[in-house]
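Below is a short report on cavities, pockets, salt bridges and ring contacts.

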Amino acid sequence: MSNTPMAASPLTRAVLEIDEYASGLGWDQPARLFALVDTARLRTQEPGLATQLGLDNSPEETALTPIEQEEIPAGKPLDEFLGTIAWPDAVAGCALTVERLMLPPSAETSVPEGLGEAQLAKWVAEHPDRQEVRMTVAVLRDGARESALRLREKDSPTEVLTGSDLVPGLAEALAATFAE
């Protein structure tokens, strides 16, 4: 079903699975939040849900199952929204997929100083070298992190960049949803 490498860690596989899912929905999508649950635990504690998600006979190696949460409220800043989340104990981690405009490092020196947030967003949106990127960031309760970046102009599973610290600010915000 997926192009996810089996050698990858369960967290990496979950991130790539979410990236593939988001890719199937196309671009210009709202941010999406996912709970990451231990697949074996889910099968034991929620057999009906596991069956509904098609997990009854998936291999045990698929250690984390992403479950999409309700829509993120439109118009509410992402960091504010994340600050309102508290996860039940059954949730091992969470992931977020979000689209952003990104400038290459070469363009950062030409950013006009003193712009407000809205002005800066407009300036980036109009920049000729801007690139649309979909970021999928996941964190576990134990502090593990993983992320995947996909550029709109290189929209192919083989062009997805992964790494644990590609989007550190977003990973921090997600990790904070598990803070006591």
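Predicted model: local features only at pLDDT ≥ 70, side-chain atom pairs only at ≥ 80, totals over all residues.

Which element supplies the largest share of the lining of the largest cavity? Strand 3 (residues 91-102) does, with three residues.

Residues are numbered from 1 along each chain as its sequence is written, and side-chain values use heavy atoms, with hydrogens and water left out.

## Cavity and pocket

Rolling a probe the size of a water molecule over the atoms shows where empty space is left. On a 1 Å grid over the protein atoms alone, a cavity is a set of points where a 1.4 Å probe fits but cannot get out. A pocket is an open set with protein on both sides within 12 Å along at least five of seven lines. Lining residues have an atom within 4 Å of a point. Points are joined across faces, edges and corners, and a volume is the space filled by probe spheres set on them.

The structure holds one cavity of 30 Å³ or more. The largest cavity has a volume of about 50 Å³. Its lining consists of Ala-22, Gly-26, Gln-29, Pro-30, Arg-32, Thr-97, Val-98, Glu-99 and Arg-134. By class, that lining has three nonpolar, three polar and three charged residues. Ala, Val, Leu, Ile, Met, Phe, Trp, Tyr, Cys and Pro count as nonpolar; Asp, Glu, Lys and Arg as charged; the others, Gly among them, as polar.

The second largest pocket has a volume of about 340 Å³. Lining it are Arg-100, Leu-101, Met-102, Glu-117, Leu-120, Ala-121, Val-124, Val-133 and Met-135. Helix 5 gives the most, with four. The lining divides into seven nonpolar, no polar and two charged residues.

## Salt bridges

How many salt bridges does a search of the whole structure find? The search finds seven. The rule asks for a side-chain nitrogen of Lys or Arg within 4 Å of a carboxyl oxygen of Asp or Glu.

| Pair | N to O distance |
|---|---|
| Asp-28 and Arg-152 | 3.1 Å |
| Arg-32 and Glu-68 | 2.9 Å |
| Arg-145 and Glu-172 | 3.0 Å |

For accessibility, buried means under 20% relative accessible area, exposed over 50%, and partly exposed in between (1.4 Å probe, protein chains only).

Take the salt bridge of Asp-28 and Arg-152. Asp-28 lies in the loop between helix 1 (10-25) and strand 1 (32-38), and Arg-152 in the loop between strand 5 (145-151) and strand 6 (161-163), so the pair ties together parts 124 residues apart in sequence. Asp-28 is exposed at 57% relative accessibility. Arg-152 is partly exposed at 31%.

Next, the salt bridge of Arg-32 and Glu-68. This pair links strand 1, which holds Arg-32, to strand 2 (residues 64-68), which holds Glu-68, across 36 residues. Arg-32 is buried at 15%, whereas Glu-68 is partly exposed at 33%. Arg-32 also lines the largest cavity.

Then the salt bridge of Arg-145 and Glu-172. Arg-145 sits in strand 5 and Glu-172 in helix 6 (residues 168-175), 27 residues apart. Both are partly exposed: Arg-145 at 26% and Glu-172 at 46%. Elsewhere, salt bridges that share partners join Asp-19, Arg-150 and Asp-155 into one network.

## Ring contacts

A pair of aromatic rings is described by the distance of the centres and the angle of the planes. Rings of Phe, Tyr and Trp (its six-membered ring) pair if their centres lie within 6.5 Å; planes under 30 degrees apart count as stacked, over 60 as edge-to-face and the rest as tilted. The count comes to two aromatic pairs.

Tyr-21 and Phe-34 are edge-to-face, at 5.9 Å centre to centre and 90° between the planes. Tyr-21 belongs to helix 1 and Phe-34 to strand 1, 13 residues apart. Tyr-21 is partly exposed at 37%; Phe-34 is buried at 3%.

Why does the pair of Trp-87 and Phe-178 count as stacked? Their ring centres are 6.1 Å apart and their planes lie at 20°, so the pair is stacked. Trp-87 is in the loop between helix 4 (78-82) and strand 3, and Phe-178 in the segment after helix 6, 91 residues apart. Trp-87 and Phe-178 are both buried.

The charged end of Arg-134 sits over the ring of Trp-27, 4.1 Å from its centre. The rule needs NZ of Lys or CZ of Arg within 6 Å of the ring centre and within 35 degrees of the ring normal. Arg-134 is also one of the residues lining the largest cavity.

Definitions and conventions:
Helix = DSSP H or I, 4+ residues; strand = E, 2+ residues; numbered from the N terminus.
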